[in-house]
Amino acid sequence: MENKAVIEIKDLYKSFGDLEVLKDFNLNLFKGENLVLMGRSGSGKSVMIKCLVGLMGFDKGSIKVLGNDISKMKQNELDQVRTDIGFLFQGSALYDSMTVRENLEFPLRRHRKNSETKTEALVKEALENVGLPQAIDLMPAELSGGMQRRIALARALILKPKIIIYDEPTTGLDPITAKEIILLMMNIQKKYETSSLIITHDVDCARVISNRIILLLDGKDYAEGSFNDLAASGDPKIKAFFK
Amino acid sequence: MKFLSSYQQGFNSFFIEIGEMGNFMGRYFRELFSRPFEFREFLNQCYQMGNKSLLLVSVTGFILGLVFTLQSRPTLMEFGAVSWMPSMISISIVREIGPVMIALICAGRIGSSIGAELGSMKVTEQIDAMEVSGTNPFKFLVVTRVLAATCMLPILVIIGDFVALIGSAIIENSKGDVSFTLYFNQVFEALEFTDLIPATVKTFFFGFAIGLVGCFKGYNSKKGTAGVGKASNSAVVFTSMLIFVLDFIAVFITDIFYN
């Protein structure tokens with residue numbers, strides 16, 4: 001892990017009318033790090049990541065991704081930065097009118113000028129990374145929840161991004177599949193040396209995967225530290241997460 | 001007072017939606033002429049809309065021709081004008097009934113399917129996933145669908161009109177001993193370019209309306225799965241209404257130019 005920030009969020013403020021969701025929120029994700037963001041449902045975690053990838057605007061503050069201030073970028077520049085970010089959605093968000101192969105080819109065809117053979121090889125490599133080479137011609141509706149999550153991870157990885165954002169990667173999965181997904185995330189991080197921002201409620205997931213944890217409470221970065229530091233905290237608000 | 005204020009609210013939201021649709025249409029034209037062109041997806045949508053609506057349009061057109069001829073025949077016989085049947089049927093179908101009926105059928109088939117598809121993509125974050133992967137979802141999903149609907153509807157209407165005339169010819173052949181050759185000779189004698197051109201031009205607008213409204217409703221659908229159903233339903237209702245409005249405008253303009 002290097003001391004160079006790949007994501008820098010400074011004093012981020014976002015409100016919806018009178019409802020203040022994020023109030024001067026700060027976050028730094030360092031190169032090669034697994035940073036877990038924990039917070040209660042509705043605390044603004046999803047809003048924060050939507051602001052981070054430019055799906056949603058924000059009112060104040062700044063967000064820098066790989067040194068680029070995303071609020072000052074043109075659409076084509078933002079699209080270019082997005083190719084360096086892999087995003088695993090909570091519900092997988094596979095394109096359900098396309099096969100697994102087409103889902104994986106989709107970003108490749110738009111951002112890489114590869115030959116058909118190279119594209120095919122990259123798709124197969126991505127599927128092998130997630131242990132599902134046999135699913136290549138299936139439709140997303142034919143896959144289980146765990147398999148869909150793996151394919152979504154393969155799609156997030158296909159452009160070899162520098163940063164991966166996981167939005168509740170184990171939610172809705174049984175404990176065994178959840179454990180498999182966590183192991184997969186760790187293997188991928190090791191293999192591609194990516195930096196990961198993981199949003200989760202799953203304490204086991206946070207314990208196994210995190211280098212550092214940030215607690216998002218009342219719209220602010222309430223506490224920060226390693227899993228052990230936070231788990232040993234005497235603050236009742238922090239303790240509530242690690243029970 | 002409550003009654004009046006609910007009407008006022010309804011009017012307000014209707015005009016707000018019209019404004020939003022205007023913005024959506026503006027964005028469509030801006031994105032239509034900017035690179036990159038999603039040609040592959042456009043062809044895929046042409047296939048989905050054109051080829052897969054062909055059977056429905058053909059069956060509807062055929063029955064339309066049969067029924068229209070069967071219903072008109074007794075009245076024309078009463079006036080001794082049954083020989084005018086091919087001319088009357090062809091002009092009615094080509095000018096008015098064919099385009100409007102087939103556009104309404106396509107509003108149900110294509111408009112609802114676009115509304116439901118984009119609506120479900122929206123609520124399952126597939127549109128966000130597309131955007132996050134650095135692809136412009138508006139260009140990929142909306143521009144291709146609206147353009148495909150605009151291009152496919154005139155073709156479907158021409159096919160539907162032709163099948164309707166075949167249906168009519170079958171009735172005339174079985175009930176009135178009119179041969180197919182004679183029937184179609186009279187059809188082509190009766191039809192002029194002034195019948196064909198305005199009727200075809202307005203179908204481009206019908207197709208555009210079907211694609212645009214379906215995409216607008218689906219792309220902006222909210223409130224989970226209930227929103228998907230609502231998007232699909234309101235796409236059909238709004239498009240059907242719009243088809244009649246566009247048809248009135250087209251007939252009005254044609255009347256100014258040709259009469």
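Q: Let's start with Gly86(A). Leaving aside its neighbours within four places in sequence, which residues is it in contact with?
A: Setting those neighbours aside, Gly86(A) is in contact with Ala156(A), Leu157(A), Pro161(A) and Ile164(A). Keep in mind that this is a predicted model.

Q: Okay, and where is Gly86(A) found?
A: In strand 6 of chain A, which covers residues 85–88.

Q: Buried or exposed, that Gly86(A)?
A: Buried: 28 other C-beta atoms lie within 10 Å of Gly86(A), and the cut-off for buried is 20 or more.

Q: What separates the C-alpha atoms of Gly86(A) and Ile163(A)?
A: A distance of 6.2 Å, although Gly86(A) and Ile163(A) are 77 residues apart along the chain.

Q: Still in chain A, what's up with phi of Ala93(A)?
A: Phi there is near 55°, a positive value, and Ala93(A) is a residue other than glycine. You'll find Ala93(A) in the loop between strand 6 and helix 3 of chain A.

Q: Why does Ala93(A) count as buried?
A: Because Ala93(A) has 25 C-beta neighbours inside 10 Å, and 20 or more is what it takes.

Q: And what is phi like for Glu168(A)?
A: Glu168(A) has a positive phi too, near 45°, and is likewise a residue other than glycine. Its place is in the loop between strand 7 (163–167) and helix 6 (175–192) of chain A.

Q: How does Glu168(A) count, then?
A: As partly exposed, because Glu168(A) has 19 C-beta neighbours inside 10 Å. Buried would need 20 or more.

Q: How many bridges join strand 4 to strand 5 of chain A?
A: Two, and the strands run antiparallel, with strand 4 of chain A made of residues 60–65. For Val65(A), the bridge partner in strand 5 of chain A is Asn68(A).

Q: Now chain B. How many helices and strands does chain B have?
A: Nine helices and zero strands. Along the sequence the pattern reads α-α-α-α-α-α-α-α-α.

Q: What does the C-alpha trace of chain B span?
A: About 65 × 55 × 35 Å along its principal axes. Of the 259 residues in chain B, 40% count as buried.

Q: How do helix 4 and helix 7 of chain B cross?
A: At roughly 55°, with the axes of helix 4 (residues 85–123) and helix 7 (residues 180–190) of chain B coming within 8 Å. That makes helix 4 and helix 7 of chain B oblique to each other. The crossing of helix 4 of chain B past helix 7 of chain B is right-handed.

Q: Which residues meet there?
A: Helix 4 of chain B brings Pro86(B), Ser87(B), Ser90(B) and Ile91(B), and helix 7 of chain B brings Tyr183(B), Gln186(B), Val187(B) and Ala190(B). By class, that contact has five nonpolar, three polar and no charged residues.

Q: Where's the cis peptide bond in chain B?
A: A cis peptide bond joins Arg35(B) and Pro36(B), with omega about -5°. Pro36(B) is in the loop between helix 1 (2–32) and helix 2 (39–50) of chain B.

Q: How many residues of chain A are in contact with chain B?
A: 15 residues of chain A are in contact with 10 residues of chain B. Helix 2 (75–82) and helix 3 (100–111) of chain A each supply at least two residues of the side of chain A that touches chain B. Helix 3 of chain A gives the largest share, four residues. By class, that side of chain A has eight nonpolar, four polar and three charged residues.

Q: Last one: what does Glu131(B) touch, not counting residues up to four places away in sequence?
A: Leu55(A) and Pro137(B). Glu131(B) is in helix 5 (residues 126–132) of chain B, and Glu131(B) is buried, with 21 other C-beta atoms within 10 Å.

Technical notes
Residues numbered from 1 in each chain as written. Chains lettered and ligands numbered in written order. Predicted model: local features only at pLDDT ≥ 70, side-chain atom pairs only at ≥ 80, totals over all residues. Contact = placed C-beta atoms within 7 Å. Nonpolar A, V, L, I, M, F, W, Y, C, P; charged D, E, K, R; others polar. Pairing = 2+ DSSP bridges. Buried ≥ 20, exposed ≤ 12 C-beta atoms within 10 Å, placed from the backbone. Axes fitted to C-alpha atoms, helices over the stretch in contact; angles between N-to-C directions. Parallel < 35°, antiparallel > 145°, perpendicular 65-115°, else oblique. Left-handed = near helix turned anticlockwise from the far one by under 90°.
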